Amino acid sequence: MLIVVAMRCTDAHASVRPLSGEVHADPRMAGPSPADHAALESGLRLAERTGGRCVVVTQAPVAAEDVLREALSCGANEVLRVDSGAEPDERAADSGAGTAKSLAGAIRARFGVPDVLLTGDHSIDRGTGATPAFLASEMRCAQALGLVSLETTGTDEGGRLRGVRRLDRGRRERLAIPLPAVCSVEPAGVRLRTATLPATLAARSAEIPVHQVAAEPAALRVRAASGYRPRAKELPPPAGSEARQRVLELTGAHEQREPPRIVTTDDPAEAAEELLSFLRDKGYLDG
């Protein structure tokens, strides 16, 4: 069984400039999310139970190779970095469709169609979680999203997986997943294993293969970026023939106002009567 784990490397502490909408991320602080770690651990367990291979793929620049080295140190058989060669527009929204298309093409070219393609349920940079569904569409296979557990039932009848998905109100849904399939997992009780020191040292010097893909034109083009400015509220012009009258009407000066009054009493009946009197004066109660 061939298990491919698609991981995303992103900065969880990126800052957003409120006026321009520009996102500033530090590649040195980037890394996989807990959901991606859960997907990797699930892929490693499936490979161990079925005697298959677990490979890890990410679409990211060179700075993300540490993620792939971590996967190698934990037991991944092979890794692949997909590079589009173009810097993404930080102001443009990422729908996941372009990422899924690039990943699917690179996976098919390098490994063929996998039996299981695992991802995290969503990325930590406010991701929509749509990329796994786009991957299933690109790979033309079944999808099971938002799983909290995943295990294999053997290789009979072409192989199947069993998964459990979380529903509202504490309910669970058990799924029989045909293969090939794209599965996204939640970081629910699944923690990535700790790599051994020899494996960590070996992964540091491992060669990371790179698959170049053509940069897809952005589906959304940002022509200008500016801060949000609400429309001005239209008000009727002030009445009056003199400027002073109009200014007094606009500012509300010299108007008779009821000063605030503080009522202190220990009698509940007196407090209730005071409150009812106030409501009658304001027109909320009749009589």
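This is a predicted model: local features need pLDDT of at least 70, side-chain atom pairs count only at pLDDT 80 or more; totals for chains, interfaces and linings use all residues.
**Leu 150**

Setting aside neighbours within four places in sequence, I found Leu 150 touching Leu 46, Arg 49, Leu 118, Leu 161, Arg 162, Gly 163, Ile 177 and Cys 183. I placed Leu 150 in strand S7. Buried or exposed, I wondered about Leu 150? I noted a relative accessible area of 14%, and because the cut-off for buried is under 20%, Leu 150 goes down as buried. I also checked Leu 150 against Ser 184: they sit 34 residues apart along the chain, and their C-alpha atoms are separated by 9.8 Å.

**Second largest pocket**

Helix H1 (34-50), S7 (142-152), strand S8 (160-166) and strand S9 (172-178) each supply at least two residues. Sorting the lining by class, I had seven nonpolar, six charged and three polar residues.

**The sheet**

Next I traced the sheet. I read an open sheet of nine strands with mixed pairing, in the order S9-S8-S7-S10-S6-S1-S4-S5-S11. S9 and strand S11 (210-212) are the edge strands; each has a single partner, so one side of each has no neighbour in the sheet. Ignoring direction, I have neighbouring strands turned by 35 degrees against each other on average. I then looked at what packs on the sheet and picked out helix H2 (residues 65-74), which touches strand S1 (2-7), strand S4 (53-59), strand S5 (78-83) and S11. The direction of H2 makes about 165 degrees with that of S5.

I went back for the pairing of S6 with S10 (residues 181-185): the two run parallel and are joined by five bridges. Leu 118 has Cys 183 as its bridge partner in S10. Both of these residues are also on my contact list for Leu 150.

**Thr 119**

I moved along to Thr 119, in strand S6 (residues 116-120). I have it as buried, with a relative accessible area of 6%. What does Thr 119 contact, leaving aside its neighbours within four places in sequence? My list reads Ala 6, Ala 39, Pro 132, Leu 135, Cys 183, Ser 184 and Val 185.

Which peptide bond did I flag as cis? I flagged the one from Leu 179 to Pro 180, with omega near 0 degrees. Pro 180 lies in the loop between S9 and S10.

For phi I marked Arg 140, a residue other than glycine with a positive value, near 55 degrees. I found Arg 140 in the loop between helix H4 (131-139) and S7. I noted Arg 140 as exposed, with a relative accessible area of 77%.

**Whole chain**

I finished with the totals. Of its 287 residues, 32% are buried. Among contacts with a separation of 6 or more, I noted that 68% come from residues 24 or more positions apart.

Technical notes: Residues are numbered from 1 along each chain as its sequence is written. Side-chain values use heavy atoms; hydrogens and water are left out. Helices (H or I, at least four residues) and strands (E, at least two) are DSSP runs, numbered from the N terminus. Ala, Val, Leu, Ile, Met, Phe, Trp, Tyr, Cys and Pro count as nonpolar, Asp, Glu, Lys and Arg as charged, and the others, Gly among them, as polar. Buried means under 20% relative accessible area, exposed over 50%, partly exposed in between (1.4 Å probe, protein chains only). Contact means heavy atoms within 4.5 Å. Two strands pair if DSSP finds at least two bridges between them. Axes are lines fitted to C-alpha atoms, for helices over the stretch in contact, and angles run from 0 to 180 degrees between N-to-C directions.
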